[in-house]
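My notes follow in the order in which I made them.

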Amino acid sequence: MTDCLFCKIVAGEIPCDKVYEDDDFLAFHDINPKAPVHVLLIPKFHLPTLADADEEDSAMLGSMMNTVRKVAEDLKLDVGYRLVINVREGGGQEVFHIHVHILGGKKLPF
Ligand code: AMP
Ligand code: ZN
């Protein structure tokens, strides 16, 4: 997807503050953090939203959660953290490449 911001980050066309990378996923600091730690985890292939996933994406979605745990361990978020996935416009999604927000670094307000 040539006009997707996060695909451009995966391709190295736009820089990011990377915290984790493997063959399938990339995690980087959010440019506009809403918590002391605010990292975005994305798959390296383009899938616009969680609502566009299907059964064939089950393994990727499970793997994404395992990767969240690895990233959280790397970031030493031992006391806990919050995951947010905004889905489509009504859910506040602005970048249409599926991503998990990993928020932590302080006791988060409800
Ligand atoms: P969402 O509203 O769930 O689509 O979240 C998109 C997130 O991407 C927002 O929290 C933005 O601050 C973040 N963002 C936008 N552009 C960049 C960028 N170039 N590098 C890192 N984070 C970004
Ligand atoms: Zn994309």
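**Conventions.** I worked on a predicted model, in which local features need pLDDT of at least 70 and side-chain atom pairs count only at pLDDT 80 or more, while totals for chains, interfaces and linings use all residues. Residues are numbered from 1 along each chain as its sequence is written, chains are lettered from A and ligands numbered from 1 in the order in which they are written, and side-chain values use heavy atoms, with hydrogens and water left out.

I took helices (H or I, at least four residues) and strands (E, at least two) as DSSP runs, numbered from the N terminus.

C4 is buried at 6% relative accessible area, and H97 is buried at 0%. The cut-offs are under 20% for buried, over 50% for exposed and partly exposed in between (1.4 Å probe, protein chains only).

**Ligand 1.** I count 16 residues around ligand 1, the closest being D30, N86, E94, H99 and H101; a residue is near if one of its heavy atoms lies within 4 Å. A side-chain N or O atom of D30 is 2.5 Å from an oxygen atom of ligand 1, and one of N86 is 2.8 Å from an oxygen atom of the ligand. From G92 a backbone N or O atom lies 3.0 Å from an oxygen atom of ligand 1. A polar contact is a pair of N or O atoms within 3.5 Å; within protein, one must be able to donate a hydrogen and the other to accept it, and residues adjacent in sequence count only if both atoms are side-chain atoms.

**H101.** H101 lies in strand β5 and is buried, with 11% relative accessible area. Its side chain makes a polar contact of 2.8 Å with that of H38. Leaving out residues up to four places away in sequence, H101 touches D30, H38, V39, L40, R82, L83, V84 and N86; contact means heavy atoms within 4.5 Å.

**Cores.** Which residues have the most contacts inside the largest nonpolar core? In this core of 16 residues they are A27, V39, L41, M64, V71, V100 and I102. A nonpolar core is a set of buried Ala, Val, Leu, Ile, Met, Phe, Trp, Tyr and Cys residues joined through side-chain atoms within 4.5 Å. The elements giving two or more residues are β2 (25-29), β3 (37-43), α2 and β5, and α2 gives the most, with five. Apart from it lies another core, of eight residues, including C4, C7, F28 and I42.

**T67.** I placed T67 in helix α2 (residues 58-74), where T67 is buried at 2%. A polar atom of the T67 side chain lies 2.7 Å from the backbone oxygen of S63. Beyond four places in sequence, T67 touches Y20, D22, F25 and L41.

**V19.** V19 is in strand β1 (residues 18-21) and counts as partly exposed at 25%. Its contacts, leaving out residues up to four places away in sequence, are A27, F28, H29, V39, V71 and L75.

**Positive phi.** K76, not a glycine, has a positive phi of about 60°; K76 is in the loop between α2 and β4 and exposed at 65%. R88, also not a glycine, has a positive phi near 60°; R88 lies in the loop between β4 and β5 and is partly exposed at 37%.
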